[in-house]
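Here is a short briefing for a first look at this structure. Keep the sequence and the 3D view open as you read.

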Amino acid sequence: MRLTGGKMIQQSNIIRILIADDYAIWRQGLTALLEQEPDLTVVAHANNGQEALTMFRQYQPDVTLMDLGMPQMDGVAAITAICAEFDTARIVVLTTYDGDEDIYRGLRAGAKGYLLKDAEPDELFAAIRTVVSGKKYIPIAVGVKLAERMENAQLSDRELEVLRLIVTGKCNHDISTILHISESTVKFHINNILGKLGVADRTQAAITALKRGIVSL
């Protein structure tokens, strides 16, 4: 049992939480916030995706709060690995990444909820308890972006390769050399990319891709 605020909480009713985030100060502050709730307790921390997988195996928490941008193994890869091994895993993405592609990738990987780090504490508590109950937690703003993502034309694997190289500042000649395709084929892919992203030039394409989380630096 756990005594909090003069009330006894049954151990079986306490929600055990793993926090996966590469910022130690954030993890500590989040732990202090969560521990104020009588039915929430933090059992482990992880500072990268690989450690999140290791800690999950060791503690098998009721809920994992997972950042997306972490070293060694990012959040999406960690979610995918955990869910492949534990089909009952309940993971809530808690991140600053608000692009529609980020949201789509996180939920497709197996997350049951998606929250931004500027969410109010009560919303975070609600998300944790909702996910533990077996339901998904998708805020309205997140749901709108997810719907927009589903409506957008999808880039092919080759178009994504070209787009990643555009974002790194490569010219058409460099892209053709790297991908072993002709410059005319590069131009063909770029025109498709511009059309699908709804932008006028490659600079706007790079900015849109980064903003939506389609590619990252």
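The largest nonpolar core has 27 residues, and those with the most contacts inside it are Met 66, Ile 79, Ile 82, Ala 89, Ile 91 and Tyr 114. A nonpolar core here is a set of buried Ala, Val, Leu, Ile, Met, Phe, Trp, Tyr and Cys residues joined through side-chain atoms within 4.5 Å. The model is predicted: local features need pLDDT of at least 70, side-chain atom pairs count only at pLDDT 80 or more, and totals for chains, interfaces and linings use all residues. Residues are numbered from 1 along each chain as its sequence is written, and side-chain values use heavy atoms, with hydrogens and water left out.

- Strand 3, strand 4, helix 2, helix 3, strand 6 and helix 4 each give two or more residues to the core of 27 residues. Helices (H or I, at least four residues) and strands (E, at least two) are DSSP runs, numbered from the N terminus.
- Helix 3 gives the most to this core, with 5 residues.
- Ile 79 is in contact (heavy atoms within 4.5 Å) with Met 66, Ile 91, Val 93, Gly 106, Ala 109, Gly 110 and Ala 111, leaving aside its neighbours within four places in sequence.
- Another core, of 21 residues, lies apart from the largest one. Among its members are Ile 190, Leu 197, Ala 205 and Ala 209.
- In soluble globular proteins, nonpolar side chains tend to be buried together.

- Five strands form an open sheet: 5 strands in the order 4-3-5-6-7, with parallel pairing. Two strands pair if DSSP finds at least two bridges between them.
- Strand 4 and strand 7 (113-116) stand at the edges. Each has a single partner strand, so one side of each is left without a neighbour in the sheet.
- From one strand to the next, the twist averages 25°.
- Arg 16 has Thr 41 of strand 4 as its bridge partner.
- Helix 2 (residues 49-59) packs on the sheet and touches strand 3, strand 4 and strand 5 (63-66). The direction of helix 2 makes about 135° with that of strand 4. Axes are lines fitted to C-alpha atoms, for helices over the stretch in contact, and angles run from 0 to 180 degrees between N-to-C directions.

- Strand 6 is mostly covered, with 5 of its 5 residues buried. Buried means under 20% relative accessible area, exposed over 50%, and partly exposed in between (1.4 Å probe, protein chains only).
- Ile 91, Val 93 and Thr 95 are buried on one side of strand 6, and Val 92 and Leu 94 on the other.
- Strand 5 and strand 6 pair in the parallel sense over 3 bridges. The chain crosses from strand 5 through helix 3 (residues 75-85) to strand 6 in a right-handed β-α-β crossover.
- Strand 6 and strand 7 pair in the parallel sense over 4 bridges. Together with helix 4, they make a right-handed β-α-β unit.
- Right-handed means that, with the strands pointing away from the viewer, the path from the first strand over the helix to the second runs clockwise.
- Val 93 lies in strand 6 (residues 91-95) and has a relative accessible area of 0%.
- Val 93 and Met 66 are 27 residues apart in sequence, yet 4.7 Å apart in space, C-alpha to C-alpha.

**Salt bridges**

- The structure holds 10 salt bridges. Each is a side-chain nitrogen of Lys or Arg within 4 Å of a carboxyl oxygen of Asp or Glu.
- Arg 129 and Asp 39 meet in one of them (2.8 Å, N to O). Arg 129 is in helix 5 (residues 121-132) and Asp 39 in the loop between helix 1 (24-34) and strand 4 (40-46), 90 residues apart.
- Arg 129 counts as partly exposed at 30% relative accessibility, while Asp 39 counts as buried at 17%.
- Glu 101 and Arg 149 meet in a salt bridge (2.5 Å, N to O). Glu 101 lies in helix 4 (residues 100-109) and Arg 149 in helix 6 (residues 140-151), so the pair ties together parts that are 48 residues apart in sequence. Glu 101 and Arg 149 are both buried.
- Arg 158 forms a salt bridge with Glu 161, the closest N and O atoms being 2.8 Å apart. Both lie in helix 7 (residues 157-167), about one turn apart.
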